[in-house]
Structure formats: C-alpha cells, structure tokens
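Good morning, and thank you for the time.

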Amino acid sequence: MSGDVRARTRDIARAAVRAELGQVAVGLFQRDGFTKVTIDDVAAAAGVSRNTFLRYFGTKEDAVLGAFDARGQLVADALRARPAAEDDWTALRHALDPVVEGYRQDPAGTLATARLILETPALRARRLEKQCGWRPLLAQALAERGAPPHPPAPPLPLLVRAAAALDCLEIAVDQWTASDGSLKLDDLLDHAFAALTA
C-alpha cells in the first residue's frame, strides 16, 4: 500500500470517528441539555477515553459545530464557480446553495441540531465565531472572480458583502428553525437577500 493510499485511509477513518463522536455528543446534548452533559459523559457514551474525544474536538461546542468547519471553504469554492458576469450579491446567494442542500438532505437531524444551537448561548456564540472566520474566505473568492491570479487582500466592501450574506444565512436558518422546518429555507434566504437590495 502506497503512502498516499495509507494517508487517505487514515483521513477517512479519522473523519468517520469524528462524525460518530459528533453524533453521540449531539444526541446526549439534545436529550439531557448541553450544559448538563460533560466531555466525560460524551466519551463514556461513545466508548472512548476523554483524551480520545479531545483529539477530535477541543470543546463540547466543536462537537456540535464540527460540520461547520468545512462549510466556509465549500461556500468559497461555490462562489468561485459562479459565472463571472453574475453580480456579487447574486453570486453570494447561489454560493450558499450547498449549505441549504445540507439542511435539505436531513431535515429532521439538521432541525434538531439547529434548535439546539438556537437555544444554547454558547453554541450560538461559537457558530457566529465560525461564520466570522468564513468572511475572509468569501471576500477573497469575490476578489478572485474575474480578476487576475493572486489578487491583493480583499478590500473592505468585499468583506462587508461577505458578512451581510452570512448574516442573511444565519437569520434564514433561525427563522426556519423557529418555524419547525415548515418554511422553506431557500425562500427565507431569498427574502433575506431581497431585504438588503430593496
């Protein structure tokens, strides 16, 4: 087995263990409450040591929001793939479609997790922190659309557009959660974006 294959196999196994630990943690948090469940409780329920849990997640918040880590890059890649002639605001709206698709694939699971986040101040704060980390990624993707390679650091207007788009996403998800998933997340996101262009 080559080194590349071994490394890929290790990465796949690590991702599977991380996903399993995250599922166990979220299940306990939903059942018993985020503040009542300790890292030791999650580790015991998952059948691993505390140290093993901490190798995958630095905090309880990260166990819930681990899936958010890759979303910033996912949105930035989708943004780069949008047609060059499309205005930034339209491109940003459609670049969020892969995130919306994730909610569509498992509506019950994502609704339960979204409700847990909405009802837990520590998780709301950590979600906001993660989304703030996406701003430079999206601003850089906007700067690269139709620009020569290696553009300078994103200017302030692009960071503002990225931040506004992410706020629209957060508000749409919160409204979707408050409606118990009865409203369409796509429509809520469209309305949020339209509110800023009116």
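The count of salt bridges comes to 19, a salt bridge being a side-chain nitrogen of Lys or Arg within 4 Å of a carboxyl oxygen of Asp or Glu. Please keep in mind that this is a predicted model, in which local features need pLDDT of at least 70 and side-chain atom pairs count only at pLDDT 80 or more, while totals for chains, interfaces and linings use all residues. Residues are numbered from 1 along each chain as its sequence is written, and side-chain values use heavy atoms, with hydrogens and water left out.

Let me show some of these pairs. Asp 32 forms a salt bridge with Arg 31, with 2.9 Å between the closest N and O atoms. On exposure, I use buried for under 20% relative accessible area, exposed for over 50%, and partly exposed for values in between, with a 1.4 Å probe and protein chains only. Asp 32 is partly exposed at 32% relative accessibility, whereas Arg 31, at 62%, counts as exposed.

A second salt bridge joins the side chains of Arg 50 and Asp 40, at 3.2 Å from N to O. This pair links distant parts of the chain: Arg 50 belongs to helix α3 (residues 50-56) and Asp 40 to helix α2 (residues 39-46), 10 residues apart. Helices here are DSSP runs of H or I with at least four residues, and strands are runs of E with at least two, numbered from the N terminus. Arg 50 has a relative accessible area of 40% and is partly exposed; Asp 40 is also partly exposed, at 43%.

What separates the two along the helix? They are 3 residues apart in α9, which means about one helical turn. An α-helix has 3.6 residues a turn, so residues three or four places apart point the same way. Finally, a network of salt bridges links Arg 93, Asp 97, Glu 101, Arg 104, Asp 186 and Asp 190.

I turn now to helix α9 itself. It comprises 24 residues, 121-144, and at 1.5 Å a residue it should span 34 Å; the end C-alpha atoms are 35 Å apart, which agrees. The expected span is 1.5 Å times one less than the number of residues. Among the buried residues of α9 are Leu 123, Arg 127, Lys 130, Gln 131, Trp 134 and Leu 138. Which elements do the buried residues of α9 pack against? They pack against α4 (60-65), α5 (71-80), α6 (88-95), α8 (107-119) and α10 (156-178), with contact meaning heavy atoms within 4.5 Å.

Arg 161 is placed in helix α10 and is partly exposed, with a relative accessible area of 33%. Leaving aside residues up to four places away in sequence, Arg 161 touches Asp 88, Trp 89, Leu 92 and Leu 142. Arg 161 and Leu 92 are 69 residues apart along the chain, yet their C-alpha atoms are separated by 8.4 Å.

On a 1 Å grid over the protein atoms alone, a cavity is a set of points where a 1.4 Å probe fits but cannot get out; a pocket is an open set with protein on both sides within 12 Å along at least five of seven lines; lining residues have an atom within 4 Å of a point. Grid points are joined across faces, edges and corners, and a volume is the space filled by probe spheres set on the points.

The largest pocket holds about 680 Å³. Its lining has 26 residues, with Val 64, Ala 67, Arg 71, Thr 110 and Thr 113 nearest the centre. Helix α1 gives the largest share of that lining, 7 residues.

There are 2 cavities of 30 Å³ or more. The largest cavity, of about 60 Å³, has a lining that includes Arg 71, Arg 127, Gln 131 and Trp 134; α9 gives the largest share, 3 residues. The second largest cavity contains about 40 Å³, and α9 and α10 each supply at least two residues of its lining. Gln 131 is one of the residues lining this second cavity.
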